[in-house]
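Please take the following structure step by step, with the sequence and the model side by side.

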Amino acid sequence: MTEFGPDSTPDFPAAAFSRRLVRWYRRQKRALPWRETSDPYAILVSEVMLQQTTVATVLGYYARFLSRFPTVRDLAEAPEDELLAVWSGLGYYRRARNLQAAARVIMAQHAGRVPQTLEALMALPGIGRYTAGAIMSFAFNKPSPIVETNSARVLARLFCVRAPVKSPATVRQLWHIAEQILPPNNPREHNYALMELGSLACRPSQPDCVLCPVSEFCAAFKAGEQRLIPPADAPAARTRLRFVGVVPLNDGHVLVARIPQGEWHAGMFEFPKVPVPLTVSDVEARETAQQLLQSLGLRGNLVAFREFRYTVTRHSITLCAWMAMCRRPARPPGKALRWVPLDEAGKLPLGSAQRRVLAWVSNDQRPGGT
Ligand code: SF4
């Protein structure tokens, strides 16, 4: 039998390792809808959704997205507002735009079929080496390695790679190992199994080595270093930001603003807001809300206040939101502004924090609401 170990560990019994790993995977794998299909488009959608988002969250979006955009053509031709509304709440909205741009390239250059080479996949907008490798192996069962958070941890432990897994040299080393141990005959299940082992057993802080199906192959386990590998990353620095926002209301309508290009969530909608210093007092925040109303050409009374806290990438944000009962001008006060019926505002593309603000206002405006 051919063994295909990495150069640095020529004795690694890769074929036996993969067989053991895949046998465990077949017994333990979670039933996830993107694993039940080999439709490359559905797998492309799932992989883009799973970038920076947990499996549990993606499960709530995946089927709805595919029922609204069942083919590459449907996605390529979708209006952006509709795309962003369906993506609303998943965050990292650039992924949705890239996914649509990729669909358009697939329509224009690949006759509507997801390409089957690593090079062509990596030429699509938003598709990096991991996502391209995932599509190659999961959709086409082609021997293409993958390294993502879970499999990187597993590989680092299996081969006792003690350096931080995000350092460029370690990343290169892990990709090399992943390629060397990949069985040519069953890359799909092997890659899924590596990721699943990282999710279910080889967890970041509590690896379950006693029940691990491949512990006999694991150098970190043999050295008693499984909890030390990989070394923890330094915590990312967070920036705190504060905004004052208004939610203008009139006769069952609410005023929203389209977010301009160059800002987070560009193209989506939000309630008007402005940045303020972190040290702003409650009185100053209220005055800022009044000035914001005036700058929108509105007259109104501030009737309720609530603070919302949320994060966007590495920013911790506090939004001091004021509900304002306004007189409605004949026309919206600016091109980017739009009055919409309150009970239809949820159909707009709104980020998750803006949806929380909308839920607060909707609840308040219901008969008997708080
Ligand atoms: Fe991970 Fe432990 Fe299995 Fe090694 S033995 S792969 S550290 S769970």
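This is a predicted model: local features need pLDDT of at least 70, side-chain atom pairs count only at pLDDT 80 or more; totals for chains, interfaces and linings use all residues.

Around the ligand stand Arg-157, Cys-202, Cys-209, Cys-212, Ser-215, Cys-218, Phe-221 and Gln-226, where a residue is counted as near if one of its heavy atoms lies within 4 Å of the molecule.

Residues are numbered from 1 along each chain as its sequence is written, and side-chain values use heavy atoms, with hydrogens and water left out.

Turning to the chain as a whole, it is divided into domain 1 (14–222) and domain 2 (239–365), with bounds that come from an automatic or database domain assignment. The centres of the two domains, taken over C-alpha atoms, are 37 Å apart.

Where the domains meet, nine residues of domain 1 are in contact with 15 residues of domain 2, contact meaning heavy atoms within 4.5 Å. Between domain 1 and domain 2 about 760 Å² is buried, and carbon and sulfur atoms give 53% of that area; buried area is the accessible area (1.4 Å probe) that two parts lose on being put together, summed over both. On the side of domain 1, Asp-81, Ser-88 and Tyr-93 lose the most area to domain 2, together 52% of what that side buries.

Asp-81 also has a charged partner, for its side chain meets that of Arg-258 in a salt bridge (2.7 Å, N to O), a term that requires a side-chain nitrogen of Lys or Arg within 4 Å of a carboxyl oxygen of Asp or Glu. The count between domain 1 and domain 2 is one salt bridge.
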